[in-house]
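My plan is to look up the whole first, then the parts.

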Amino acid sequence: MAGNAHPGILFNPHAYEASELDSASRSLMESTITYFESLGKNRITSDDNAGVWYADFCDFLAESGAFATLMTPAGYGAEDSRWDTWRNCHFSEITAFYSLGYWYAWQVSMLGLGPIWMGENEEAKRRTAELLRDGGIFAFGLSEQTHGADIYSSEMTLTPNADGTYSASGSKYYIGNGNEAALVSVFGKIANDDPDAGVEYVFFVVNSQHGAYELQKNTVHSPMYVSAFTLHEYPITDADVLVRGAEAWNVALNTINVCKYNLGWASIGICTHAFYEAINHAGHRSLYGGLVTDFGHVRQLFVDAYARLTAMKLFAMRANDYMRSASDEDRRYLLYNPLVKMKVTTEGEHVVDALWDVIAAKGFEADTYFQMAARHIRALPKLEGTVHVNIALIVKFMANYFFAPQEYPDIPMRRDATNDTYLFEQAPTRGLGKICFHDWEKTFSKFDSLNISIFRGQVLILRSMLEEAGPEGSQARDIDFLLALGELFSLVVYAQLILENVELMDISDAVTEQMFDVFVRDFSAYATRLHGISGTTERQAEFALAMVKRPNADAERFNAVWEEVSGLMDTYELAP
Ligand SMILES: Cc1cc2nc3c(=O)[nH]c(=O)nc-3n(C[C@H](O)[C@H](O)[C@H](O)COP(=O)(O)OP(=O)(O)OC[C@H]3O[C@@H](n4cnc5c(N)ncnc54)[C@H](O)[C@@H]3O)c2cc1C
């Protein structure tokens, strides 16, 4: 993370400092790095290719107490146990840097723990803290095979018995860790014979080793176990019921609100490792008497990938500050978290695409990290709500973002060792359209460099379009149109938080301008897309064309960034 003893802000296991973490947390991260480094590249890639369950990673987790330390909120575990989002970012980035599979075991455990810690059942919380101490992993049983994103239609049923107990029946699909989880948090409905009674949702926990829990299969070929399972009249008591009614619904959404943030860090970890492999390979490969990195287009691909990756990390870091500072009065994180999920992960795809164009055939080789990255990077935009679902969410914030700015106290960098209590006390996810944001123009007005100014001009045209020719009538229901508009809006918010972090983290002018060189081109491409949408009106299409701009090219700046990129060559290689 920040403070690495090499250029830029990318993670490098050989130069990991993490000076802002307390010493016990830093040792935990270092021992995690040491664990993966000692596994080595051959073992990690062959296990991934063969789809071998990572039993010894689970042993490492139990021995190191990683999950207990990182995912037991303060008050339920050991003294150093707390839910510290910043510390968790380190763990997300490190695990994904070695393989998405390791990250996934952590991610779905976090999802599974969400309804427990957010729920109302103190006894279940104490039991969970013990299971974490004993090295347990966890699972989140929300999805069902036939219903996908439509969780209203969930069929898992909890039926009350005459003696006050319940029995649970139904199937779940795509449930990570469902083969070994100490507890699976299962979402369902409570059976009710009264046809006039409304739907009552519920979260309860089951043990994956119980006789009434039938593990059917792993739905994917991977070290990850993404299970299909069925409960056959699984006996449940009140001790297993976490939360019911409208609150169970809120808890499902709030758990995803918190955990979707980690997907961005997974993309950052994957891209960073892929970057080292790509620059090491291309920088040493000689063709026609020169190096591959002497080609102009190769330098462009690397510089763009580096600018995108740096931007991804700056945004995710800044979103951390807002998430950790959230309160009922400041719910801006509800815009920023879906952006980490949707924007950072799609940017990750662009980074890997660019690097793959450079290293070409090498990116297929079975013993490279890269061939895993090329597959894994695709998963993240699709999980925990597709890009579409997240953009549909994000556009709800657009009117207030542009037209009703509000004053807030400044949010500092949040890397302190505190428990993020609010995440478990979040307000219901209603009223998104009422959330206000600080003024984007104030952030942009602090910078007057060329590409930032060009980008700002593009945003002003977007705002004028919304003012003078905003979505009208049926356009509000035209998802194709809204998605195109949402891409433009997302980039504005993305750029704003990145600029905030450019200031806080003292990022060089050259890298900042290069990031905005990319953003100007991306904004132009999204505007072109909006222009071509069948539902776009003629007037909106005129605005869209006016948004298409050229970035300012500057050879000196480009070369300065290239120097930074080439300085990463040979700084990291995972030993065989
Ligand atoms: C590897 C992997 C691991 C997973 N792990 C878990 C897990 O641990 N626990 C768990 O509960 N689930 C898990 N899932 C399930 C995952 O969350 C599902 O992908 C999700 O439920 C969506 O279902 P679907 O992919 O079948 O898409 P569908 O629901 O079939 O969606 C189809 C299309 O409709 C669009 N769409 C749907 N709703 C909307 C909307 N409201 N607005 C706009 N567009 C919409 C989507 O964008 C998509 O393009 C996992 C899935 C995979 C592949």
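What percentage of the 576 residues of the chain count as buried? I looked it up: 49% of them do. A residue is buried if 20 or more other C-beta atoms lie within 10 Å of its own, exposed if 12 or fewer, and partly exposed in between, with C-beta atoms placed from the backbone.

A note on what I am reading. This is a predicted model, in which local features need pLDDT of at least 70, side-chain atom pairs count only at pLDDT 80 or more, and totals for chains, interfaces and linings use all residues. Residues are numbered from 1 along each chain as its sequence is written.

**Entry: the whole chain**

I counted 19 helices and 10 strands in the secondary structure. The radius of gyration is 24 Å, close to the 25 Å that the globule rule gives for 576 residues, so the chain is as compact as a globular protein of that length. The radius is taken over C-alpha atoms, and the rule is 2.2 Å times the number of residues to the power 0.38. Helices (H or I, at least four residues) and strands (E, at least two) are DSSP runs, numbered from the N terminus.

I then boxed the C-alpha atoms along the principal axes and got roughly 75 × 60 × 40 Å. Next came contacts, meaning pairs whose C-beta atoms, placed from the backbone, lie within 7 Å. Among those between residues at least 6 apart in sequence, 79% join residues at least 24 apart.

**Entry: domains**

The assignment gives domain 1 (13–137), domain 2 (140–252) and domain 3 (260–407 + 432–566). Such bounds come from an automatic or database domain assignment. The centres of domain 1 and domain 2, taken over C-alpha atoms, are separated by 24 Å. Their contact takes 25 residues from domain 1 and 22 residues from domain 2. On the domain 1 side, α1, α5 and α6 (122–133) each give two or more residues. The largest share, 10 residues, comes from α5. I sorted that side by type and found 13 nonpolar, 8 polar and 4 charged residues. Here Ala, Val, Leu, Ile, Met, Phe, Trp, Tyr, Cys and Pro count as nonpolar, Asp, Glu, Lys and Arg as charged, and the others, Gly among them, as polar.

**Entry: helix α1**

Where is the kink in helix α1 centred? I found it at Gly 40, and the kink is about 90° in a helix that covers residues 23–50. The bend at a residue is the angle between axes fitted to the seven residues ending there and the seven starting there. Buried residues of α1 include Leu 28, Tyr 35, Phe 36, Leu 39 and Ile 44. The buried residues of α1 pack against α2 (55–64), α3 (66–71), α4 (85–98), α5 (100–118) and α11 (369–379). After α1 comes Gly 51, with a positive phi near 70°.

**Entry: positive phi**

Most residues other than glycine have a negative phi. Ala 18 has phi near 45° and lies in the segment before α1. Ala 18 counts as partly exposed because it has 19 C-beta neighbours inside 10 Å. Glu 384 has phi near 50° and lies in the loop between α11 and α12. Glu 384 is buried, with 24 other C-beta atoms within 10 Å.

**Entry: the ligand**

How many residues surround the ligand? I found 20, and the closest are Leu 142, Ser 143, Gly 148, Ala 149 and Thr 386. The shell divides into 13 nonpolar, 6 polar and 1 charged. Domain 2 and domain 3 each supply at least three of its residues. By element, β1 (138–141), β3 (166–176) and α12 (387–394) each supply at least two.

I followed up Gly 148, in the loop between β1 and β2 (157–160). Is Gly 148 buried or exposed? With 12 C-beta neighbours inside 10 Å, Gly 148 counts as exposed. Gly 148 and Gly 385 are 237 residues apart in sequence, and their C-alpha atoms are 9.6 Å apart.

Glu 144 also sits in the loop between β1 and β2. Glu 144 is buried, with 22 other C-beta atoms within 10 Å.

How values were computed
Near = placed C-beta within 6 Å. Contact = placed C-beta atoms within 7 Å.
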